[in-house]
Amino acid sequence: MSDMNARISAIGVVPVIKLNHPERDAAALAHALCRGGMPVAEVTFRASGADTAIRLMKEACPEIICGAGTVLTTEQVDRAAAAGAEFIVTPGFDPEIVAYCQKKGLPIYPGCTTATDYHAALKFGLEVLKFFPAEQSGGLAKIKALSAPFPMFKIMPTGGISLKNLKDYLSSPVICACGGSYMVTADLIDNQKWDEITALCEQSIAIVKEARQNG
Ligand code: 3PG
């Protein structure tokens, strides 16, 4: 496993973050995540200031692994990389973006939910795929079914993951880490509930440990 894949897998949960006010919230959010034992973030380009958010989060907490999510164009890859993004996540499989990231040496996790997507990913030598939207696409049952013909991939599901189903996903050896926004919801961020975010991270990390001890 590559270094980045191993570091993300070791944490086990990746918060999917949409920051509407990066100048106000990015630093405090980064501290809240790190305090909660979750020094990683997928900052989504669904908000226009995503690159600013990545830069400010890294400045506040250099130890945080900060990536860009919902990346739809190579221009966004460039903006993310210039801001310090250490990995790229795309909702679907776009071979142009995958090739572009690999050329730049940036880890890329493209969204794959079908055998056809997995075939395409195989051609790029990828080790870890995002599975999105996880629950709506068949959840863990589909991930396990796809891993029979494609045992070479580890999977990072996002979409519909919460404290209720996190342990189920993480108990499967095919799962590298789970992504989710439940610990960084719009309500928690907009109302600057940093202690609650930290507590949700701590609860999540306890579940990671429990799932892996039993697994
Ligand atoms: C993503 O972009 O990966 C998802 O929107 C996260 O899904 P969730 O909000 O259901 O956790």
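How much space lies in the second largest pocket? About 160 Å³. This is a predicted model, in which local features need pLDDT of at least 70, side-chain atom pairs count only at pLDDT 80 or more, and totals for chains, interfaces and linings use all residues. Residues are numbered from 1 along each chain as its sequence is written, and side-chain values use heavy atoms, without hydrogens and water.

Some terms come first. On a 1 Å grid over the protein atoms alone, a pocket is an open set of points with protein on both sides within 12 Å along at least five of seven lines. A cavity is a set where a 1.4 Å probe fits but cannot get out. Lining residues have an atom within 4 Å of a point. Points are joined across faces, edges and corners, and a volume is the space filled by probe spheres set on them.

The second largest pocket has Ser-2, Asn-5, Gln-102 and Tyr-109 among its lining residues.

Now turn to the largest pocket. It holds about 290 Å³ of space. Its lining has 21 residues, and Val-16, Thr-44, Arg-46, Gly-180 and Ser-181 are the closest to its centre. Helix H9 gives the most to this lining, with three residues. Helices (H or I, at least four residues) and strands (E, at least two) are DSSP runs, numbered from the N terminus.

The largest cavity has a volume of about 40 Å³. Val-14, Glu-42, Phe-87 and Lys-130 are among the residues that line the largest cavity.
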